[in-house]
Amino acid sequence: MKKFIDVFKQKNMATGYLYFYVHFITEVVCFVCLKRIVGNLVILWLSPLLYDMFAFVPQAMFGYIKDKYPKFNPGVIGTFIMILAVINFMTNILPLRYLSVVILALGNGLMHVDAAVATLRSSEGKLSQPAIFVAGGSFGVITGKILGDTLMPMWVLIILALTMIPFCLLGQSYVENINTLKKFNYANDKVNPMVLILLTTLVVIVRGYAGYGIPTTWNQTLLQTVMLFSFMGIGKALGGIFIDAFGMKKTALLSVLVSIPFLVFGDTIMIVSLIGTMLFSMTMAVTLGLLVSVLKDNPGLAFGYTTIGLFLGTIPIFFITIKSVLINSLIVSTLSIICYIVLKVIIRKEDKND
Amino acid sequence: MINYIINSPNAVYDKYVCIGSFVILFIIIALTLVFTIKVLKEKK
């Protein structure tokens with residue numbers, strides 16, 4: 001317990017909290033807009049696909065640019081791009097059907113890169129800060145979905161987006177010398193770096209897919225959906241905190257293997273499923289830590305691999321629907337075991353004094 | 001849904017948006033891999 005509490009006394013924890021807010025607001029703005037898209041079935045099908053595509057995939061490129069040109073400020077640029085998208089949602093000045101969605105997604109991607117690079121650069125090899133920033137997204141998604149169904153006027157989103165700028169600028173002030181990134185040392189040196197990157201991305205793809213395959217028949221009401229997203233967010237934050245407190249290997253075991261029975265047997269029992277979802281969400285910090293350990297001078301590029309993996313993992317859900325709970329459970333279990341074997345190979349053996 | 005987009009003459013615009021986006025997607029992923037290899041070579 002002491003180890004767990006000590007994590008919160010780490011240096012620069014504030015960046016995690018600052019970017020938790022930025023991530024939260026980013027997702028609120030995006031999901032209110034997405035929730036209000038109306039039209040025929042094709043528009044309702046293609047808009048989320050395009051949004052995921054342009055929000056997740058270009059982050060690696062944005063990250064690479066940020067790594068190469070540290071003065072590039074994706075946070076402020078991303079805020080104004082998102083505001084432009086909101087204005088276009090309100091006015092339809094740019095007439096192309098999917099343009100607002102693409103602009104919104106690009107703004108979202110830029111915000112993520114700003115937050116990821118700032119938290120990773122300032123965390124001195126720890127993962128709590130980036131994990132806390134990532135957690136904000138789950139709360140933002142569900143809040144955005146709820147607000148999207150209300151009568152809240154769209155101009156409120158512009159005000160909300162503008163409030164992110166001081167948080168981004170303050171977060172940037174914590175960013176320290178690039179050399180602190182050398183402290184990320186979670187990956188097994190014996191594995192070829194490119195192979196390690198691809199294997200870690202494979203784990204993200206598998207987990208991204210499994211995330212949508214988790215059987216949750218119990219989830220019927222708005223309150224239950226709020227609980228699901230909240231536990232997802234708590235799990236993401238706990239992933240980083242657990243790694244800092246108890247080590248990468250133990251966290252990987254907990255999040256990948258221990259989560260299986262909770263996910264499979266929690267189909268109709270909410271609390272069991274929520275524990276499973278929380279444990280399952282902890283994998284995010286594990287994969288991010290591994291990628292930054294290989295791409296030490298390029299935290300933006302490393303973060304981009306996790307988002308590319310997430311997008312590739314979610315592609316199947318746009319094209320295939322598996323309705324059988326048994327088949328879903330089997331897929332989730334098998335994929336999780338494969339992930340654990342891969343992680344066991346690519347995570348560095350921890351020293352006793354780690 | 002994907003069958004509708006591929007087969008329906010009414011969904012030509014959506015079809016091109018969908019295919020075009022996937023092309024852009026693969027170009028970005030290819031560029032990411034190229035830059036990663038470059039970064040790893042520089043590191044050596």
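Q: Is Cys18(B) buried or exposed?
A: This is a predicted model, where local features need pLDDT of at least 70 and side-chain atom pairs count only at pLDDT 80 or more, while totals for chains, interfaces and linings use all residues. Residues are numbered from 1 along each chain as its sequence is written, chains are lettered from A in the order in which they are written, and side-chain values use heavy atoms, without hydrogens and water. Buried means under 20% relative accessible area, exposed over 50%, partly exposed in between (1.4 Å probe, protein chains only). Because its relative accessible area is 6%, Cys18(B) is buried.

Q: Which cysteine sulfur is nearest to that of Cys33(A), and how far away?
A: A disulfide is a pair of cysteine sulfur atoms within 2.5 Å. The structure holds 0 of them over all chains. Cys33(A) is thus in none; the nearest cysteine sulfur is that of Cys30(A), 6.8 Å away.

Q: What is the relative accessible area of Cys33(A)?
A: Cys33(A) is in no disulfide. Cys33(A) is buried, at 0%.
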